[in-house]
Amino acid sequence: RRLRRGRASLPTKPSNRAKRAKSGTQPAAQTMEKEPITVKAIEITGLRRYPQSLVQQELNKVHQAQTFGALLEEIDAATQNLNQTDLFDDVKMSIGGADAQGVHVTIHLSEKKPYKLKVGATTSGAADEVRYEAAGTLRGFLGKGELATATVTKSPKHGLELAFGLR
(Lines give C-alpha, C1' and ligand atoms only; values in the text may rest on other atoms or scores of the structure.)
Protein backbone atom coordinates (compact mmCIF):
# COMPACT_ATOMS: atom_id res chain seq x y z
CA ARG A 1 0.00 0.00 0.00
CA ARG A 2 1.05 3.51 -0.74
CA LEU A 3 0.12 6.50 1.39
CA ARG A 4 -0.96 9.69 -0.27
CA ARG A 5 -2.32 12.64 1.71
CA GLY A 6 -2.88 10.46 4.71
CA ARG A 7 -5.00 7.86 2.89
CA ALA A 8 -4.00 4.34 2.05
CA SER A 9 -4.35 3.48 -1.60
CA LEU A 10 -4.16 0.14 -3.31
CA PRO A 11 -2.27 -0.44 -6.53
CA THR A 12 -4.62 0.21 -9.44
CA LYS A 13 -5.89 -2.51 -11.75
CA PRO A 14 -6.57 -1.97 -15.42
CA SER A 15 -10.05 -0.46 -15.90
CA ASN A 16 -12.90 -2.35 -17.53
CA ARG A 17 -12.73 0.08 -20.44
CA ALA A 18 -9.06 -0.76 -21.02
CA LYS A 19 -9.87 -4.49 -20.84
CA ARG A 20 -12.68 -4.09 -23.41
CA ALA A 21 -10.40 -2.12 -25.72
CA LYS A 22 -7.91 -4.99 -25.67
CA SER A 23 -10.50 -7.73 -26.07
CA GLY A 24 -12.70 -5.87 -28.60
CA THR A 25 -15.99 -6.45 -26.71
CA GLN A 26 -18.64 -3.76 -26.32
CA PRO A 27 -20.38 -2.92 -23.06
CA ALA A 28 -23.96 -4.17 -22.68
CA ALA A 29 -25.36 -0.62 -22.76
CA GLN A 30 -23.93 0.02 -26.25
CA THR A 31 -25.36 -3.21 -27.64
CA MET A 32 -28.77 -2.49 -26.01
CA GLU A 33 -28.95 0.88 -27.77
CA LYS A 34 -28.84 -0.84 -31.16
CA GLU A 35 -31.44 -3.49 -30.33
CA PRO A 36 -34.49 -3.28 -32.63
CA ILE A 37 -37.65 -2.35 -30.77
CA THR A 38 -41.31 -1.64 -31.46
CA VAL A 39 -43.53 0.58 -29.32
CA LYS A 40 -46.74 -1.39 -28.94
CA ALA A 41 -48.72 1.10 -26.86
CA ILE A 42 -48.42 4.49 -25.17
CA GLU A 43 -50.50 5.16 -22.06
CA ILE A 44 -51.04 8.68 -20.70
CA THR A 45 -51.97 9.09 -17.02
CA GLY A 46 -52.76 12.23 -15.00
CA LEU A 47 -54.20 14.26 -17.87
CA ARG A 48 -57.44 15.98 -16.78
CA ARG A 49 -57.68 19.53 -18.14
CA TYR A 50 -55.98 19.29 -21.51
CA PRO A 51 -56.81 17.20 -24.60
CA GLN A 52 -54.81 14.02 -25.23
CA SER A 53 -53.94 15.33 -28.68
CA LEU A 54 -51.78 18.00 -27.02
CA VAL A 55 -49.57 15.28 -25.49
CA GLN A 56 -49.83 12.84 -28.40
CA GLN A 57 -48.33 15.33 -30.86
CA GLU A 58 -45.14 15.25 -28.76
CA LEU A 59 -45.15 11.44 -28.79
CA ASN A 60 -45.19 10.78 -32.56
CA LYS A 61 -41.44 10.21 -32.73
CA VAL A 62 -41.52 8.02 -29.60
CA HIS A 63 -43.98 5.72 -31.35
CA GLN A 64 -41.80 5.59 -34.49
CA ALA A 65 -38.51 4.68 -32.72
CA GLN A 66 -36.84 1.66 -34.32
CA THR A 67 -34.04 0.97 -31.78
CA PHE A 68 -33.82 1.05 -28.01
CA GLY A 69 -31.31 3.92 -28.16
CA ALA A 70 -33.59 5.95 -30.44
CA LEU A 71 -36.52 5.26 -28.09
CA LEU A 72 -34.56 6.62 -25.12
CA GLU A 73 -33.58 9.74 -27.10
CA GLU A 74 -37.15 10.40 -28.23
CA ILE A 75 -38.52 9.86 -24.71
CA ASP A 76 -35.99 12.40 -23.40
CA ALA A 77 -36.91 14.92 -26.12
CA ALA A 78 -40.66 14.47 -25.54
CA THR A 79 -40.22 14.89 -21.78
CA GLN A 80 -38.30 18.14 -22.30
CA ASN A 81 -40.87 19.46 -24.77
CA LEU A 82 -43.77 18.70 -22.43
CA ASN A 83 -41.96 20.38 -19.52
CA GLN A 84 -41.38 23.48 -21.67
CA THR A 85 -45.13 23.94 -22.23
CA ASP A 86 -45.37 25.15 -18.59
CA LEU A 87 -48.60 23.14 -18.23
CA PHE A 88 -47.15 20.37 -16.05
CA ASP A 89 -45.38 20.27 -12.68
CA ASP A 90 -43.89 16.89 -13.45
CA VAL A 91 -43.49 14.68 -16.53
CA LYS A 92 -42.21 11.13 -16.10
CA MET A 93 -42.02 8.39 -18.71
CA SER A 94 -41.41 4.71 -18.12
CA ILE A 95 -40.84 1.71 -20.38
CA GLY A 96 -42.33 -1.62 -19.43
CA GLY A 97 -44.37 -4.59 -20.54
CA ALA A 98 -41.82 -5.83 -23.04
CA ASP A 99 -42.97 -8.87 -24.97
CA ALA A 100 -42.57 -10.31 -28.47
CA GLN A 101 -44.87 -7.62 -29.95
CA GLY A 102 -43.05 -4.64 -28.38
CA VAL A 103 -42.84 -2.41 -25.32
CA HIS A 104 -45.36 -0.24 -23.52
CA VAL A 105 -44.49 3.38 -22.74
CA THR A 106 -46.34 5.09 -19.88
CA ILE A 107 -46.38 8.86 -19.38
CA HIS A 108 -47.19 10.10 -15.89
CA LEU A 109 -48.25 13.77 -15.89
CA SER A 110 -48.87 16.11 -12.99
CA GLU A 111 -50.71 19.21 -14.19
CA LYS A 112 -50.04 22.66 -12.82
CA LYS A 113 -52.92 24.68 -11.41
CA PRO A 114 -54.85 26.45 -14.16
CA TYR A 115 -54.08 29.87 -12.68
CA LYS A 116 -51.33 31.73 -10.82
CA LEU A 117 -51.43 35.18 -9.26
CA LYS A 118 -48.44 37.09 -7.89
CA VAL A 119 -48.59 40.49 -6.20
CA GLY A 120 -45.65 42.38 -4.76
CA ALA A 121 -43.89 45.63 -4.00
CA THR A 122 -40.20 46.51 -4.08
CA THR A 123 -38.23 49.57 -3.08
CA SER A 124 -34.75 50.78 -3.89
CA GLY A 125 -34.21 52.52 -0.54
CA ALA A 126 -36.26 55.68 -0.72
CA ALA A 127 -39.92 55.54 0.27
CA ASP A 128 -41.00 57.42 -2.86
CA GLU A 129 -39.35 54.83 -5.14
CA VAL A 130 -41.75 51.98 -4.45
CA ARG A 131 -42.60 49.76 -7.41
CA TYR A 132 -45.83 47.71 -7.36
CA GLU A 133 -46.41 44.69 -9.54
CA ALA A 134 -49.24 42.23 -10.14
CA ALA A 135 -48.96 39.28 -12.52
CA GLY A 136 -51.44 36.60 -13.49
CA THR A 137 -51.24 33.44 -15.55
CA LEU A 138 -54.07 31.34 -16.99
CA ARG A 139 -53.29 27.89 -18.36
CA GLY A 140 -55.53 26.06 -20.79
CA PHE A 141 -58.50 28.41 -20.41
CA LEU A 142 -59.75 27.40 -23.88
CA GLY A 143 -58.96 23.72 -23.29
CA LYS A 144 -56.19 23.53 -25.87
CA GLY A 145 -53.07 23.99 -23.71
CA GLU A 146 -52.69 27.73 -24.25
CA LEU A 147 -50.93 29.99 -21.75
CA ALA A 148 -52.01 33.61 -21.16
CA THR A 149 -50.07 36.05 -18.98
CA ALA A 150 -50.73 39.61 -17.88
CA THR A 151 -48.48 41.90 -15.83
CA VAL A 152 -49.26 45.34 -14.43
CA THR A 153 -46.41 47.43 -13.01
CA LYS A 154 -46.62 50.90 -11.42
CA SER A 155 -43.54 52.89 -10.51
CA PRO A 156 -42.80 56.62 -10.09
CA LYS A 157 -40.07 56.42 -12.72
CA HIS A 158 -42.00 54.62 -15.49
CA GLY A 159 -45.62 55.20 -14.53
CA LEU A 160 -48.08 52.41 -15.36
CA GLU A 161 -46.93 49.52 -17.59
CA LEU A 162 -49.08 46.71 -18.96
CA ALA A 163 -47.79 43.54 -20.61
CA PHE A 164 -49.80 40.69 -22.12
CA GLY A 165 -48.77 37.41 -23.67
CA LEU A 166 -50.48 34.42 -25.28
CA ARG A 167 -48.96 31.20 -26.57
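Q: Which residues line the largest pocket?
A: In this predicted model, the lining of the largest pocket consists of Thr122, Thr123, Ser124, Asp128, Glu129, Arg131, Ser155, Pro156, Lys157 and His158. The space in this pocket is about 150 Å³.

Q: How do the residues of this lining divide into nonpolar, polar and charged?
A: The lining of the largest pocket has 1 nonpolar, 5 polar and 4 charged residues. Pro counts as nonpolar, while Asp, Glu, Lys and Arg count as charged.

Q: What makes β6 and β9 edge strands?
A: The open sheet has 4 strands in the order β6-β7-β8-β9, and their pairing is antiparallel. Strands β6 (115-123) and β9 (159-166) each pair on one side only, and are the edge strands. On average, neighbouring strands of this sheet are turned by 10 degrees against each other, direction ignored.

Q: How do you know that β6 and β7 pair?
A: Two strands pair if there are at least two bridges between them. Strand β6 is joined to strand β7 (residues 130-139) by 9 bridges, and the two run antiparallel. Opposite Glu133 in β7 stands Gly120.

Q: What span should helix α5 have, and what agrees with it?
A: Helix α5 (residues 68-84) has 17 residues, and at 1.5 Å a residue it should span 24 Å. The C-alpha atoms at its ends are 24 Å apart, so the two values agree.

Q: Which residues of α5 are buried?
A: In α5, Gly69, Leu71, Ile75, Ala78, Thr79 and Leu82 are buried. The word buried stands for a relative accessible area under 20%.

Q: Why is Asp86 called partly exposed?
A: Buried requires under 20% and exposed requires over 50%, with partly exposed in between. Asp86 has a relative accessibility of 22%, and therefore counts as partly exposed. Asp86 lies in the loop between α5 and β4 (88-99).

Q: What makes the phi of Asp86 worth noting?
A: Most residues other than glycine have a negative phi. Asp86 is not a glycine, yet its phi is positive, at about 65 degrees. This residue comes just after α5.

Q: Why does Thr45 count as partly exposed?
A: Thr45 has 24% relative accessibility and therefore counts as partly exposed. Thr45 belongs to strand β3 (residues 39-45).

Q: How many residues apart in sequence are Thr45 and Ile107, and how far apart in space?
A: Thr45 and Ile107 are 62 residues apart in sequence, while in space their C-alpha atoms are 6.1 Å apart.

How values were computed. Residues are numbered from 1 along each chain as its sequence is written. This is a predicted model: local features need pLDDT of at least 70, side-chain atom pairs count only at pLDDT 80 or more; totals for chains, interfaces and linings use all residues. Side-chain values use heavy atoms; hydrogens and water are left out. The expected span of a helix is 1.5 Å times one less than its number of residues. Buried means under 20% relative accessible area, exposed over 50%, partly exposed in between (1.4 Å probe, protein chains only). On a 1 Å grid over the protein atoms alone, a cavity is a set of points where a 1.4 Å probe fits but cannot get out, and a pocket is an open set with protein on both sides within 12 Å along at least five of seven lines; lining residues have an atom within 4 Å of a point. Grid points are joined across faces, edges and corners, and a volume is the space filled by probe spheres set on the points. Axes are lines fitted to C-alpha atoms, for helices over the stretch in contact, and angles run from 0 to 180 degrees between N-to-C directions.
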